[in-house]
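Subject: Structure for you to look at

Hello,

Here is the structure I said I would pass on.

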Amino acid sequence: MNYALWFQLASPEIVLSISSLVLLLIAAWGGVQSSRLVSILTVTALFGALALSFNFLLNPSFAEGADAFYGQYRMDRFASLSKILVFLSAIGCIIVAPKFFARGNLMRPEYPILVLFATIGMGLMVSAVDLLTLYVGLEMQSLAAYVLASFLRSDDRSAEAGLKYFVLGALASGILLFGLSLLYGFTGTTSFIGIQTAFGDGVSTGALFGIVFVLSGLAFKISAVPFHMWTPDVYEGAPTPVTTFFATAPKVAAMALTMRVAIEAFGGQQAVWQQIVIFVALASIILGGVAAIGQQNIKRLLAYSSINNIGFILIGLATGTEAGASAMMTYLIIYVAMTLGSFICVLDLNDREGRPVEEISKLAGLSKTRPGLAAALAVFMFSLAGIPPLFGFWGKFVVFDAAVAAGLIPLAAIGIAASVIGAFYYLKVVKVMYFDEPADVIAPSDSAARMALVTLTALFVSPLGYFATLALSPVTAGAAKALFWAA
Amino acid sequence: MIQIFAFYLFASVVIASGAFTILARNPVHSVLWLILAFFNAAGLMVLIGAEFIAMLLVIVYVGAVAVLFLFVVMMLDIDFAELRGGFMKNLPLGLALAAVFLAELIFGIGAYQAGNIALGENALNPARMGASNIQAVGELLYTRYIFLFESAGVVLLVAMVGAIVLTHRKRAGVRPQNIGSQVRRRPEEATRNTQPAVGQGVQL
């Protein structure tokens, strides 16, 4: 029992929790006028937590990672890298929000606070090494997300998105919880390492049911096929800054959680879950590619794109190797940059009265009216498609490389073939922007912050991003090594 | 001896009040029978030494859930006579479902007693066998699981913030009672003395 060390290990969440409580008081007394102040303070708190996470990632004295709170919470390089990604996405989603909500005066100080609460939950998720922490973190993130989805409560689509997300999310939580209780019943412990030890001599039928239910519940949270149905509707209906948030931070957190559960808790029983992960990965890649073709709405298109990308990331998990985990982290970093960038581009698509434009057909001729934005969006689309000179290709390359090294050659071959289907609809967006008659609907940008973020992310996914691999490779390798600490 | 007497008393009242819950004509009576069933189930829990669960039953189920039911039943205008009309129609289906559940129960208990289900050994090893349940739960909750206990508190806070964000709004056109202005008001502001002359009427 060393509470000083434990508090230090959990310091990112503790800092965020205390600041969220203070900010809640400021919001309660300041009312709507305090939105700006609360947003700025939230971003400051997130930067503080970011600095703490960087310390854990880079400081050699934390290289081994350590458990806190009787083995319920673990801070290691894997957790700190995931937290950095989560915090950066949350910062991006708070910065772009005020301009979006300004139209109609809908910005309220609760938006950054709810994002902050969701971020605390995600911090718990990526540090969870106990089924209880897993569930509490997941619920904290989900509850805040349900509210954020229906944040524009006077808008029918937003309310519908929130309700849909809530009902299906509650169902998924129930499935997950049922699996957790089965696992606890058949292993007698809630800690991941304890479960791994209890599985040492094979998995009983009851525990197998538990594994399947837990993986199904987690597949819902990362919106992998066949648990993806909510994604397009929720992404389309939720306010665009919230959609940006949903597509980045919770995906990272839930994916990191899935990795921890699969590799730490079910680590010795790879044969049991590998076929499930392979099926889910392939189904997500293929369905995410095929179903996106008919989409007219760019937010729905990006929703299917995120399903598609989750499938590619899961290929890394199917390998069950350290190289696979390292490839997943690399892919997640690039995925966050691409998704954040493309959704901020969507946020910048407004007509002359400031109404958001979401139909792909209205992007016609964007290269003439807004050449910079069109170029950035084209970079993101090419990168999401995995076309070589761009950084998105690198993510796919390392994942397939790990799959081939692990002997999953058919899986890699089908994945590569299916990525060609995906390339079709990404290229369609580029075609509409560059080769169609200008529709001249999109107004010039009115936000420097958005343009700065778009430029930043576009530079990262451009071929310049390959310079970053020099710094990223050791970091992702260290994170993957931390994940296999119990093996 | 007294335990056996208490067991049969509680058990028969649970079953009887359960039956009355579904048989009562008035839905409010149904909820009241349900509350009686909860109280007696709590008594059964005390008999097997699970006093913590007994308290939870009374506090959570009687205190919160049943009262909520009562409010819902009284607020919603449900035509219970019409609902009950479907009873005879759906009776075969209901009986079939009941038979399936009964079979599952018998199979489950049978398999468990035959030793076919090997549950895991509890790794935590309840060290304090002598302590009462409440003491043991409290000690674990505030020491070993304090981190999760506090996190669960944050989850509840999020739920509260969410409920307020989604439903609270400023209503226009309502005139709420302003106690401050009522108390501040002096007789001089509200009344005046006049002396109307006879036969000339009054000016209001």
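This is a predicted model: local features need pLDDT of at least 70, side-chain atom pairs count only at pLDDT 80 or more; totals for chains, interfaces and linings use all residues.

Residues are numbered from 1 along each chain as its sequence is written, and chains are lettered from A and ligands numbered from 1 in the order in which they are written.

Contact: 31 residues of chain A and 20 residues of chain B take part (C-beta atoms, placed from the backbone, within 7 Å). On the chain A side, α7(A) gives the largest share, eight residues. That side divides into 17 nonpolar, 11 polar and three charged residues (nonpolar: Ala, Val, Leu, Ile, Met, Phe, Trp, Tyr, Cys and Pro; charged: Asp, Glu, Lys and Arg; polar: the others, Gly among them). Helices are DSSP runs of H or I, at least four residues, numbered from the N terminus.

Helix α21(A): among its buried residues are A:Gly478 and A:Leu483 (buried: 20 or more other C-beta atoms within 10 Å of a residue's own, all placed from the backbone). What covers the buried residues includes α4, α12 and α15 of chain A.

Domains: in chain B, an automatic or database assignment gives domain 1 (1–77) and domain 2 (128–167). Their C-alpha centres lie 26 Å apart. In chain A, residues 128–422 are 77% helix and 0% strand (strand: a DSSP run of E, at least two residues), with the end C-alpha atoms 34 Å apart.

Regards

Conventions. Two residues are in contact if their C-beta atoms, placed from the backbone, lie within 7 Å. A residue is buried if 20 or more other C-beta atoms lie within 10 Å of its own, exposed if 12 or fewer, and partly exposed in between; C-beta atoms are placed from the backbone.
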